[in-house]
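User: I would like to learn how to read the features of a protein model, one at a time. Could you take me through this one?

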Amino acid sequence: MAELVRNPRVMKKVQSEIRNHVKHKGSITFDSIDQLPYLKMVIKETWRLHPVAPLLLPREVISEFQINGYTIQPKTHLHVNVWAIGRDPDTWKDPEIFLPERFMDSNIDAKGQNFELLTFGSGRRICPGVYMGTSMVEFCLANMLYHFDWKLPEGMSVEDVDMEEAPGLTDHEEWTSSCSYEVF
Ligand code: HEM
């Protein structure tokens with residue numbers, strides 16, 4: 001929501017997609033979500049910049065291996081910095097810009113096969129709730145955007161939105177932003 005409020009162009013575009021689609025149906029169902037490709041791009045772009053678990057869960061090395069000239073010993077604890085991967089300029093063009101369109105005509109998803117986008121981790125310890133989590137986020141966001149128009153409080157501009165992130169196992173904003181909303 002913070003990225004959408006900061007990017008009114010994207011907010012308008014994703015709301016238009018949802019409202020144009022739902023106009024004919026009356027309500028958002030789980031089946032309708034598959035007809036909302038831009039909503040899915042918005043969610044992937046949010047997960048790229050703001051991964052829910054920025055360092056995943058730690059791993060312990062089982063057997064010695066080499067990487068980039070370093071020898072990693074058994075029992076070493078490893079952290080995969082998904083936050084940094086999502087902002088790597090060798091992987092993403094203009095990584096600091098919130099641009100859902102970068103996922104257009106791209107096969108990258110967050111289901112553990114594309115190491116550029118490890119929202120749910122990967123491998124044997126991948127999040128078992130990947131499908132439930134994705135469906136919940138898609139469904140809740142689609143409903144919030146369908147039913148309400150979201151605005152910053154009176155007197156606050158896009159530049160005032162504080163995107164500072166607090167340290168921790170999960171990624172969350174340092175300060176809770178407030179938004180006003182009107183029923184559509
Ligand atoms: C958007 C929603 C969610 C996100 C982004 C998310 C993300 C993650 C991540 C990044 C991990 C660590 C994976 C790794 O280190 O490779 C994880 C682990 C886990 N998640 Fe989720 N998760 C979500 C929803 C859920 C839901 C809905 C459930 C259960 C109903 C769930 C259950 C678990 C469990 C049990 C683990 C530990 C798996 C293990 O260590 O073997 N998650 N999740």
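This is a predicted model: local features need pLDDT of at least 70, side-chain atom pairs count only at pLDDT 80 or more; totals for chains, interfaces and linings use all residues.

User: What share of the contacts with a separation of 6 or more joins residues 24 or more positions apart?

Analyst: In the protein chain, 61% of those contacts join residues 24 or more positions apart.

User: How many helices and strands does the protein chain have, and in what order?

Analyst: The protein chain has 5 helices and 8 strands. Along the sequence they follow the pattern α-α-α-β-β-β-β-α-α-β-β-β-β. For overall dimensions, the C-alpha atoms fill a box of roughly 60 × 40 × 25 Å along the principal axes. Buried residues are 18% of the 184 residues in the protein chain.

User: How is the packing of two helices described?

Analyst: Two packed helices are described by the angle between their axes and by the distance between those axes. Take α2, residues 8-23, and α3, residues 37-49: their axes come within 8 Å and cross at roughly 140 degrees. That angle is why α2 is oblique to α3. On the α2 side the contact is made by Val-10, Lys-13, Val-14, Glu-17 and Ile-18, and on the α3 side by Tyr-38, Leu-39 and Val-42. By class, the contact of α2 with α3 has 6 nonpolar residues, no polar ones and 2 charged ones.

User: At what angle do the axes of α2 and α5 cross?

Analyst: The axes of α2 and α5 cross at roughly 85 degrees and come within 9 Å. An angle of 65 to 115 degrees counts as roughly perpendicular, so α2 is roughly perpendicular to α5. Here Val-14, Gln-15, Ile-18, Arg-19 and Val-22 of α2 meet Ala-142, Leu-145 and Tyr-146 of α5. The residues of the contact of α2 with α5 divide into 6 nonpolar, 1 polar and 1 charged. Val-14 and Ile-18 are listed for α2 in the contact with α3 and also in the contact with α5.

User: Where does UniProt place the feature "binding site"?

Analyst: An unreviewed UniProt entry places "binding site" at Cys-127. Such annotations may be inferred rather than shown by experiment. In the model, Cys-127 is in the loop between α4 (82-86) and α5 (130-147).

User: Is Cys-127 buried or exposed?

Analyst: Cys-127 is buried, because 21 other C-beta atoms lie within 10 Å. Apart from residues up to four places away in sequence, Cys-127 touches Phe-120, Gly-121 and Gly-133.

User: How many residues surround the ligand, and which are the closest?

Analyst: The ligand is surrounded by 16 residues, and the closest are Leu-56, Gly-121, Cys-127, Gly-129 and Gly-133. By class, the shell around the ligand has 10 nonpolar, 5 polar and 1 charged residues.

User: What is phi of Asp-94 and of Asp-105?

Analyst: Phi of Asp-94 is near 40 degrees, a positive value in a residue other than glycine. Phi of Asp-105 is near 55 degrees, again positive in a residue other than glycine. Asp-94 is in the loop between α4 and α5, and Asp-105 lies in the loop between α4 and α5 too.

User: Is Gly-123 buried or exposed?

Analyst: Gly-123 is exposed, with 9 C-beta neighbours inside 10 Å. Gly-123 is also in the loop between α4 and α5. The C-alpha atoms of Gly-123 and Gln-113 are separated by 8.6 Å, with the two residues 10 apart along the chain.

Notes. Residues are numbered from 1 along each chain as its sequence is written. Helices (H or I, at least four residues) and strands (E, at least two) are DSSP runs, numbered from the N terminus. A residue is buried if 20 or more other C-beta atoms lie within 10 Å of its own, exposed if 12 or fewer, and partly exposed in between; C-beta atoms are placed from the backbone. Two residues are in contact if their C-beta atoms, placed from the backbone, lie within 7 Å. A residue is near a molecule or strand if its C-beta atom, placed from the backbone, lies within 6 Å of it. Ala, Val, Leu, Ile, Met, Phe, Trp, Tyr, Cys and Pro count as nonpolar, Asp, Glu, Lys and Arg as charged, and the others, Gly among them, as polar. Axes are lines fitted to C-alpha atoms, for helices over the stretch in contact, and angles run from 0 to 180 degrees between N-to-C directions. Angles under 35 degrees count as roughly parallel, over 145 as roughly antiparallel, 65 to 115 as roughly perpendicular and the rest as oblique.
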